[in-house]
Amino acid sequence: MRALSENLRRRSIRLPAYDYSQAGAYFVTICTLNRECLFGKVMDGKVQLNPFGCVVEEEWLKTAELRPCIELGTSVVMPNHFHGIIVINDECRGTARRAPTVSRFGKPVAGALSTVIRSFKSAVTKRINDLRRTPGNVVWQRNYYEHIIRNEDDWKKIHDYIVYNPEKWMVDAENPDRINRKLGL
């Protein structure tokens, strides 16, 4: 019964009629479970990755190596989240036109954004759990944020947001050190 109620509460944040396997550029943000600072720290506006953060970076770069229809734009691994730009090329579709595809739980669509992100999160989780010898532990929050990049101005704003994210860490609402300082801890 509990699983049923969780599924009823869980709603998609995706655009309902949008085909996330079509060619396009996407901005994604993926957060760690409970916003735990698992991947390193920010010192003087620069990210200092620990071994887990290096895993995230390596697996993100592998995403394009493993999928020829994927290109990667700007990205950054932050202590408790990840930002990246991912481009799905027309090659994912081949030459034949096909009906819009919708990824559903248990029915991934090859080349769709959700399938790529699911594979990335899974690979990172497995490697981190192997490193810390904690099989089955959860690394990531359940979902991820995505934004369809619509034009060059949009791309530039997102690129700048990603590049300057480490410099803004000390005022970031998701930075636990900032929250603790506000609380006097």
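Before looking at any pairs, I noted the rule: two strands pair if DSSP finds at least two bridges between them. I also wrote down that helices (H or I, at least four residues) and strands (E, at least two) are DSSP runs, numbered from the N terminus.

**Entry 1**

I started with strand β2 (residues 40-43) and strand β3 (residues 46-49), which pair in the antiparallel sense over 4 bridges. I picked Val42 and found that its bridge partner in β3 is Val47.

**Entry 1: what I'm looking at**

This is a predicted model, where local features need pLDDT of at least 70, side-chain atom pairs count only at pLDDT 80 or more, and totals for chains, interfaces and linings use all residues. Residues are numbered from 1 along each chain as its sequence is written, and side-chain values use heavy atoms, with hydrogens and water left out.

I counted up the elements next: the protein has 5 helices and 6 strands. Read from the N terminus, they go α-β-β-β-α-β-β-α-β-α-α.

How much of the protein is buried? I got 38% of the 185 residues, with buried meaning under 20% relative accessible area, exposed over 50% and partly exposed in between (1.4 Å probe, protein chains only).

I looked up the surface too, and it comes to about 11600 Å², with 55% of that belonging to carbon and sulfur atoms. Those areas come from the Shrake-Rupley method with a 1.4 Å probe, and for residues only the protein chains shown count as cover.

Then contacts, meaning heavy atoms within 4.5 Å. Of the contacts with a separation of 6 or more, 67% are between residues 24 or more positions apart.

**Entry 2: the sheet**

I traced an open sheet of 4 strands, in the order β4-β5-β1-β6, with antiparallel pairing.

Ile70 has Ile88 as its bridge partner in β5.

A reminder to myself: strands of a sheet pair through backbone hydrogen bonds, either parallel or antiparallel.

Which helices lie on this sheet? I found α3 across β1, β4, β5 and β6, running at about 35° to β1. Helix α4 (residues 152-164) packs on the sheet as well, touching β1, β4, β5 and β6, and its direction makes about 150° with that of β5. For these angles, axes are lines fitted to C-alpha atoms (for helices over the stretch in contact), and the angles run from 0 to 180 degrees between N-to-C directions.

**Entry 3: rings**

I found 7 aromatic pairs in the structure. Rings of Phe, Tyr and Trp (its six-membered ring) pair if their centres lie within 6.5 Å; planes under 30 degrees apart count as stacked, over 60 as edge-to-face and the rest as tilted.

One of the pairs is Phe27 with Tyr145, edge-to-face at 6.1 Å centre to centre and 75° between the planes. Phe27 sits in strand β1 (residues 24-31) and Tyr145 in strand β6 (residues 145-149), so this pair ties together parts 118 residues apart in sequence. Phe27 is buried, at 7% relative accessibility, whereas Tyr145 is partly exposed at 42%.

Next I checked Trp60 and Phe120: their ring centres are 5.2 Å apart and their planes are at 80°, so this pair is edge-to-face. Trp60 is in helix α2 (residues 51-66) and Phe120 in helix α3 (residues 113-132), so parts 60 residues apart in sequence are tied together. Trp60 is buried at 1%, and Phe120 is buried at 2%.

I also noted a cluster, in which ring pairs link Phe39, Trp60, Phe82, Phe120 and Trp140.

Last stop: Thr32, in the loop between β1 and β2. Is Thr32 buried or exposed? Thr32 is buried, with a relative accessible area of 1%. Leaving out residues up to four places away in sequence, Thr32 touches Leu38, Phe39, Asn80, Val139, Trp140 and Gln141. Thr32 and Gln141 are 109 residues apart in sequence, but 5.3 Å apart in space, C-alpha to C-alpha.
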